[in-house]
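Subject: Structure for your files, with notes

Dear colleague,

I am handing over the structure below, together with notes on what was found in it. Please read the notes with the model open beside them.

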Amino acid sequence: MSTTPEPPGPEPSGPEPSAKPAKPITLLTVERKEQLSPGMVRIHFTGDLAAFEGSAWTDRYVKLVFGDVAELERGGRPTLRTYTAVAPDVAAGTLSIDFVVHGDEGIAGPWAAAAQPGDSIHVRGPGGAYAPDPAADWHLLAGDEAAIPAIRQALAALPADAQGYVVLQVDAASYQQEVATPAGVELTWLHRTDPAHPSLADAVRALPWREGRVHAFVHGEGQAVMKEIRPYLVSERGVPRDDVSISAYWKQGRTEERFREWKAALAAEEDAR
């Protein structure tokens with residue numbers, strides 16, 4: 001995959017804000033790998049997952065530490081990358097992480113491509129903020145490769161009678177993955193390389209709008225998610241902000257460092273309104 005940088009970029013430098021207690025740091029060891037698609041690798045890890053006890057968010061994530069973990073423990077910031085923690089099992093001490101891999105771009109992707117059983121890495125977390133509300137009348141889940149792990153976990157948490165839509169964008173048909181949905185949730189795949197397919201934002205706009213309260217989870221490339229889909233949901237459709245989990249995981253044409261700058265500028269722009 002050549003169009004999707006690894007999401008998201010390194011954290012800003014400086015100590016943790018005093019109001020936020022430092023999250024636990026866990027050592028994970030590679031158990032095995034599997035290829036989910038030509039552009040995504042799943043690594044299965046083992047470790048002491050006590051930090052995950054009680055974590056119920058379906059978008060739960062960890063920050064992989066590339067560098068000296070002692071620096072992180074001292075309040076500094078080595079290079080970090082944020083990834084969804086897939087199916088953590090505290091009792092068994094297992095979890096998985098799905099990595100977008102596209103050649104030698106970035107830090108985490110090449111690390112995942114080269115990782116072998118027995119390799120280890122420290123992670124900080126977990127964090128998280130979203131789980132599908134079973135009381136919602138219907139659900140909207142949309143995103144690109146970076147969002148598939150969190151969306152897959154959200155789908156697994158939905159009740160069997162859930163209604164709604166899932167829209168997922170990947171490079172081509174060969175990049176699609178197995179994604180199970182409740183019978184009442186319609187899944188649409190979009191392929192960037194197919195000129196007949198709409199953009200992610202256009203596909204979301206084209207969905208028939210259902211009656212009742214929607215709970216939405218939309219994550220992925222910044223322009224599509226923050227500049228196109230969010231105004232549609234919040235301003236045009238009037239979805240309350242508390243019913244929308246929406247965030248950029250990456251930005252087309254920007255390095256990870258510049259992506260963070262763009263995201264900070266966007267937040268500042270919104271705070272000024």
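Strands β5 and β6 run antiparallel and are joined by two bridges, where strands are DSSP runs of E of at least two residues, helices are DSSP runs of H or I of at least four residues, both numbered from the N terminus, and two strands count as paired if DSSP finds at least two bridges between them. In this pairing, Asp-89 stands opposite Thr-94 of β6.

Before going further, please note that this is a predicted model, in which local features need pLDDT of at least 70 and side-chain atom pairs count only at pLDDT 80 or more, while totals for chains, interfaces and linings use all residues. Residues are numbered from 1 along each chain as its sequence is written, and side-chain values use heavy atoms, with hydrogens and water left out.

The chain as a whole

The chain contains six helices and 12 strands. Of its 273 residues, 51% count as buried, meaning under 20% relative accessible area, with exposed set at over 50% and partly exposed in between (1.4 Å probe, protein chains only). The chain exposes about 12300 Å², of which carbon and sulfur atoms supply 50%; these areas come from the Shrake-Rupley method with a 1.4 Å probe, and for residues only the protein chains shown count as cover. Among contacts with a separation of 6 or more, 69% are between residues 24 or more positions apart, a contact being heavy atoms within 4.5 Å.

The seven-stranded sheet

The β5–β6 pair belongs to an open sheet of seven strands with antiparallel pairing, in the order β4-β3-β7-β1-β2-β6-β5. At its edges stand β4 (79–84) and β5 (86–89), each with a single partner strand, so one side of each is left without a neighbour in the sheet. Neighbouring strands of this sheet are turned by 40 degrees against each other on average, direction ignored, with axes taken as lines fitted to C-alpha atoms (for helices over the stretch in contact) and angles running from 0 to 180 degrees between N-to-C directions.

Strand β2 (residues 40–46) is largely enclosed by the rest of the structure, because six of its seven residues are buried. On one pairing, β2 runs antiparallel to β1 (residues 25–37) over seven bridges, with His-44 of β2 as the bridge partner of Arg-32, and a hairpin of two residues joins β1 to β2. On another, β2 pairs with β6 (residues 94–100) in the antiparallel sense over seven bridges, and here Val-41 has Phe-99 of β6 as its bridge partner. Helix α3 (residues 148–157) lies across β2, β4, β5 and β6, and runs at about 65 degrees to β5.

Nonpolar cores

The largest nonpolar core has 23 residues, of which Leu-140, Val-167, Val-218, Ile-229, Leu-233 and Ile-246 touch the most other members; such a core is a set of buried Ala, Val, Leu, Ile, Met, Phe, Trp, Tyr and Cys residues joined through side-chain atoms within 4.5 Å. At least two residues of this core come from each of β8 (138–144), β9 (163–170), α4 (200–206), β11 (214–221), α5 (222–236) and β12 (244–250), and α5 gives the most, with five residues. A second, separate core of 22 residues includes Ile-43, Leu-49, Ala-112 and Ala-115.

Salt bridges

The structure holds seven salt bridges, each defined as a side-chain nitrogen of Lys or Arg within 4 Å of a carboxyl oxygen of Asp or Glu. One of them joins Asp-98 to Arg-152, with the closest N and O atoms 3.7 Å apart; this pair links distant parts of the chain, since Asp-98 is in strand β6 and Arg-152 in helix α3, 54 residues apart. Both Asp-98 and Arg-152 are buried, and together with Arg-42 they are linked in a network of salt bridges.

Arg-192 forms a salt bridge with Glu-145, the closest N and O atoms being 2.6 Å apart. Arg-192 lies in the loop between β10 (184–191) and α4, and Glu-145 in the loop between β8 and α3, so this pair ties together parts that are 47 residues apart in sequence. Arg-192 also meets Asp-171 in a salt bridge (2.7 Å, N to O), Asp-171 being in the loop between β9 and β10, 21 residues apart from Arg-192. Arg-192 counts as partly exposed at 26% relative accessibility, whereas Glu-145, at 2%, counts as buried, as does Asp-171 at 8%.

With best regards
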